[in-house]
Amino acid sequence: MNVLPCIHTANVRQLFINLNEIARKLRRDLRIRFISLRMVAVFAAVAITLIGSAGRDSIIYAAIAAIYLIVVTFLTGMFLASRLTRPLTCFAVLDAIFVACVLYEHILGTPITSDHGLTTAGLVIPFILLSHIGMNLSGRLIIIFSAIVLTAWVTMLGLMAFRHEIGEPGTFLDAFFNLDLGLALSFGFAAISTCLLAVDHSQTRRRALKIDRWRHNLARFFSPLVVAHLQEAGNALDLKRRPAAIMFVDLRDFTSYAETTPASQLAGVLAEYRRLVAGTIFAFGGSVDKFIGDGVMAVFGQPTAAEDDAERALACAVELIALLNEWKPLSDPDGSVFQVGIGLHYGTIIGGVLESGYHDEFTVIGDAVNVAERLESLTKELGASLVVSSALLTQTQKGTLTGPWIWKNAVALSGRRFPIDLAYLPREKYLASTDAGAVRISGNRQWRGEKPSGTAASVRQPESPS
């Protein structure tokens, strides 16, 4: 079984090429969508400008629209060719200048004796382009566009009122505080509202990204079901008693290996090992409680217990043995092979958030944790790959453990008053049996190889845990 398939340099290069191609296509699609929406807004503004020029100097409006379209086409080409720095800002400034030119023709471009008020068509143009800018959900662009338009608008109204004051003294205030100023203020309020929506969207997006990063960090240690529970539970994660299966995983002789191994190589081996173990635990619905060097503590039944916690834990342990016995770290050029020891126990734990005042920890404590750790330590003494307590075996479906299992009764554990019954897989016999395809866990639906032959050893589970 090739756990971590060798990735050749050519494959890595092709992977990056594919990722770059995907990113390039996404950027192209976004550009095309942006340009499509922009063209709709531009042509709508130009059409309204030309329609609204009826009865006025149409040549000037046509010239303004033509120049605007030429510049838009040029900037669009630069944008598609990725040769335009800060393209959205350039478009926003261009649109604001176009609106200012239209406003100038309505307000100041006619003699003082002529009608110089905004028409309906002229009024619509600033709001159309404001809506288009607002679709980018960028408060900065909205501020740039609306600030230019509003400043030009109010300034031209002031100049128009000053012209009236020169021709007819005492009419400045009446000429300035009129309907056109109210329309300018309405545009300003619309711009402020659009800007607030964009800012709110940006804040919501940042919060969503923060939650997503938090969920990603949780997913590095817990299974997806546990992550979902933690998100929904909020602060309601007080310590509670519940049954659970506890697993301790440890690599044999890893300490001596670490003494002579370069730090970078050691870090790479540990990273591969942890990814392999954590991924397998998650696949069986467990969660990683903590990493301790090359040791891993996993829990099946935290934060909520399930009827099949023991079965999934046992199936996960057998799968981990199979994977780790064939694992050859890619980060180790010498091709070192490691042996694994796993202790597995089922009992009552206290699980939840353990507060310390400085660093809170979502963990489990209790006698079941200590027993599982002692069982893992026994793998060295027994020469076993897996040591399982009878308390866990009796929680699985009624049946037999078929294969090279050995049963031991009344085994004393260090630091514990009462002995326990257990079963274990001898390391050498297990490796030989897996080559012959004769390891089975009845009731767990996890197989290694073909169905065992009739000569395989059989150990029946006890009727009740010790």
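A salt bridge is a side-chain nitrogen of Lys or Arg within 4 Å of a carboxyl oxygen of Asp or Glu. The close-up views below are taken from a predicted model.

View 1. Asp-309 is buried, as is Arg-312. By the rule stated above, the count of salt bridges comes to eight.

**View 2. Asp-250, Arg-252 and Glu-376 form a network of salt bridges.** Arg-252 is bridged to Asp-250, with 2.8 Å between the closest N and O atoms. Arg-252 also forms a salt bridge with Glu-376, where the closest N and O atoms are 2.7 Å apart. This second pair links distant parts of the chain, 124 residues apart: Arg-252 lies in the loop between strand S1 (240–251) and helix H9 (254–260), whereas Glu-376 lies in helix H12 (residues 367–382). Buried means under 20% relative accessible area. Arg-252 has 10% relative accessibility and therefore counts as buried. Glu-376, at 8%, counts as buried too. Asp-250 is likewise buried.

**View 3. Strand S9 is largely enclosed by the rest of the structure.** The strand covers residues 420–426, and seven of its seven residues are buried, which is why it is described as largely enclosed. In a regular strand the side chains alternate between the two faces of the sheet. In S9, Ile-420, Leu-422, Tyr-424 and Pro-426 point one way, while Asp-421, Ala-423 and Leu-425 point the other way. The residues of both groups are buried.

**View 4. Strand S9 pairs with S6 and with S8.** Strand S6 (residues 384–389) runs antiparallel to S9, and five bridges connect the two. Strand S8 (residues 406–411) is also antiparallel to S9, to which it is joined by four bridges. Ala-423 of S9 is the bridge partner of Val-388. Ala-423 is also the bridge partner of Trp-407.

**View 5. The largest nonpolar core contains 47 residues.** In soluble globular proteins, nonpolar side chains tend to be buried together. Phe-145 and Trp-153 have the most contacts inside this core. The elements giving two or more residues to the core are helix H1 (9–52), H2, H3, helix H4 (120–134), helix H5 (139–167), helix H6 (172–176) and helix H7 (179–219). Apart from this core lies another, of 44 residues, including Ile-281, Ala-317, Trp-327 and Ala-423.

**View 6. Phe-145 is shown with the residues that it touches.** Residues up to four places away in sequence are not counted here. The contacts of Phe-145 are Ala-92, Asp-95, Ala-96, Val-99, Pro-126, Leu-129, Leu-130, Ile-133 and Phe-187.

**View 7. Arg-86 and Ala-410 have positive phi values.** Phi of Arg-86, a residue other than glycine, is near 50 degrees. Arg-86 is found in the loop between helix H2 (58–80) and helix H3 (87–107). Ala-410, also a residue other than glycine, has a phi near 50 degrees. Ala-410 lies in strand S8. A residue counts as exposed when its relative accessible area is over 50%. With 53% relative accessibility, Arg-86 therefore counts as exposed. Ala-410, at 53%, counts as exposed as well.

Key: Residues are numbered from 1 along each chain as its sequence is written. This is a predicted model: local features need pLDDT of at least 70, side-chain atom pairs count only at pLDDT 80 or more; totals for chains, interfaces and linings use all residues. Side-chain values use heavy atoms; hydrogens and water are left out. Buried means under 20% relative accessible area, exposed over 50%, partly exposed in between (1.4 Å probe, protein chains only). Two strands pair if DSSP finds at least two bridges between them. A nonpolar core is a set of buried Ala, Val, Leu, Ile, Met, Phe, Trp, Tyr and Cys residues joined through side-chain atoms within 4.5 Å. Contact means heavy atoms within 4.5 Å.
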